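Hi there,

Have a look at it first, and then read my notes.

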Amino acid sequence: MATETDHNLGEAVAARVERRWATLSIVIVGLLVGMAAYIGIHQATMPQGRVETADPKTLHLSGEFIESNLGSEIEADGSVTVRAIGQQYSFTPQCVVVPAETAITFRATSADVVHGFLIEGTNVNTMLVPGYVTALPVRFKAPGDHVMPCQEFCGIGHQGMWGKVKVVDKAAFRDMAAAKRRLTCVD
């Protein structure tokens, strides 16, 4: 039969275990709050180094995103810049051609509402926000086709908002670029 001493000893052990778990829980919560505070303060004091804007009302009239400037273009250093616009319910251009094994920068914006910019099979996944230019560096390893759906609900026609990225061999891309200043695979 248990004695009163055994009962008191059991209560003492249970109290000690409960204090340890309570202390551990408080330490974990304190660590998480500290991490959240550090990240919040760091992000607030370290904003993006460069935020580019574009007037969504005049995108098609002048500047970087006029229609004749959209698509893929070879830069002087050999890299490729792709300019595109997301708008309800399409990407312009609908299909872009880029070379494999080349530094590529996608520069895109939205003409109306927030759109998603996702290139399946890659780590490209961002939002296109009206009034701001999104710049994404990318490098494709091999030729192939990638689907580019809008993954941010943008209205009733959202499900039909798809684009395509066609990755071709470097030599084929150079041949195509020699014939035209801006490349798309929808001509």
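Below is what came out of it, going from the whole chain down to single residues.

Please keep in mind that this is a predicted model, in which local features need pLDDT of at least 70 and side-chain atom pairs count only at pLDDT 80 or more, while totals for chains, interfaces and linings use all residues. Residues are numbered from 1 along each chain as its sequence is written, and side-chain values use heavy atoms, with hydrogens and water left out.

**The whole chain**

The protein has two helices and 10 strands; helices (H or I, at least four residues) and strands (E, at least two) are DSSP runs, numbered from the N terminus. The order from the N terminus is α-β-β-β-β-β-β-β-β-β-β-α. The protein is more spread out than a compact globule, because its radius of gyration is 27 Å, well over the 16 Å that the globule rule gives for 187 residues. (That radius is taken over C-alpha atoms, and the rule is 2.2 Å times the number of residues to the power 0.38.) The C-alpha atoms fill a box of roughly 95 × 35 × 35 Å along the principal axes.

Of the 187 residues, 33% are buried. Here buried means under 20% relative accessible area, exposed means over 50%, and partly exposed is in between (1.4 Å probe, protein chains only). The protein exposes about 11,600 Å², and carbon and sulfur atoms supply 60% of that area; accessible areas come from the Shrake-Rupley method with a 1.4 Å probe, and for residues only the protein chains shown count as cover. Among contacts (heavy atoms within 4.5 Å) between residues at least 6 apart in sequence, 64% join residues at least 24 apart.

**Two cysteines without a bond**

A disulfide is a covalent bond between the sulfur atoms of two cysteines. How many disulfides does the structure hold? It holds zero, counting as a disulfide a pair of cysteine sulfur atoms within 2.5 Å. C150 is in no disulfide, and its nearest cysteine sulfur, that of C154, is 4.0 Å away. C154 is likewise in no disulfide, with the sulfur of C150 as its nearest. C150 counts as buried at 5% relative accessibility, and C154 is buried with a relative accessible area of 5%.

K170 sits in helix 2 (residues 170-179) and is partly exposed, at 37% relative accessibility. Which residues does K170 contact, leaving aside its neighbours within four places in sequence? They are P99, A100, E101 and T102. Between K170 and T102 there are 68 residues in sequence but 7.8 Å in space, C-alpha to C-alpha.

E101 is partly exposed, with a relative accessible area of 40%, and has a positive phi of about 50° although it is not a glycine.

Most residues other than glycine have a negative phi, and most peptide bonds are trans. Against that background, the peptide bond from Q88 to Y89 is cis, with omega near 0°. Y89 belongs to the loop between strand 2 (80-87) and strand 3 (90-92). Another cis peptide bond joins T92 and P93, with omega about 0°, and P93 is in the loop between strand 3 and strand 4 (95-99).

Enjoy exploring, and write back with any questions!
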